[in-house]
Amino acid sequence: MSDRIAPKEYYSIGDVCEIADLKPHVLRYWETQFSTLRPAKNRAGNRVYRPKQIQLVQLLRHLLYTERYTIEGAKRKLDQLRAGGELAAEARVAWDRETIRDLRREADELVQLLEDGEAG
């Protein structure tokens, strides 16, 4: 999945929010809007996400935040991808895009730190 969190079978909502750079209330809202995003619950009643669901979250994040789809537009896009058998592949691509975005942001922050250090 990602170097930020060790690979495991189930992830907590906190893990998913850290990976996807989302607030928990946003993720819980998305669960009410997208029928494909239904995490299981453990014995304590906490949400547990599988890696494929995290990829779906990244796809939703990409559609809503980067591509600027509305909730309804994103639902239609997911339906279209599912009907064409492309949902899993597109979710993996979105995961890669979001990972690259994170790496670029971290690299930019590192460059800024280095430049600030040279100036001081």
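The axes of helix α2 (residues 24–33) and helix α3 (residues 51–66) come within 12 Å and cross at roughly 95°. Axes here are lines fitted to C-alpha atoms, for helices over the stretch in contact, with angles from 0 to 180 degrees between N-to-C directions. On the α2 side, V26, L27 and W30 make the contact; on the α3 side, V57, L60, R61, L64 and Y65 do. Contact means heavy atoms within 4.5 Å. By class, this contact has seven nonpolar residues, no polar residues and one charged residue. Ala, Val, Leu, Ile, Met, Phe, Trp, Tyr, Cys and Pro count as nonpolar, Asp, Glu, Lys and Arg as charged, and the others, Gly among them, as polar.

This is a predicted model: local features need pLDDT of at least 70, side-chain atom pairs count only at pLDDT 80 or more, and totals for chains, interfaces and linings use all residues. Residues are numbered from 1 along each chain as its sequence is written, and side-chain values use heavy atoms, with hydrogens and water left out. The predictor's confidence in each residue, pLDDT, runs from 0 to 100. The chain averages 88, and 94% of the residues score at least 70. Among the elements, α2 has the highest mean pLDDT (96), and helix α5 (residues 87–119) the lowest (83).

Now the whole chain. It has five helices and two strands. These are DSSP runs, numbered from the N terminus: helices are H or I with at least four residues, strands E with at least two. From the N terminus on, the order is α-α-β-β-α-α-α. The C-alpha atoms fill a box of roughly 55 × 35 × 25 Å along the principal axes. Take the contacts with a separation of 6 or more: residues 24 or more positions apart account for 56% of them. Of the 120 residues, 34% count as buried. Buried means under 20% relative accessible area, exposed over 50%, and partly exposed in between, with a 1.4 Å probe and protein chains only.

Two residues show both ends of that scale. H62 sits in helix α3. Its relative accessibility is 5%, so H62 counts as buried. Beyond its neighbours within four places in sequence, H62 is in contact with E67, A94, R97 and E98. S35 lies in the loop between α2 and β1 (40–41). Its relative accessibility is 57%, so S35 counts as exposed. S35 and R105 are 70 residues apart along the chain, and their C-alpha atoms are separated by 31 Å.
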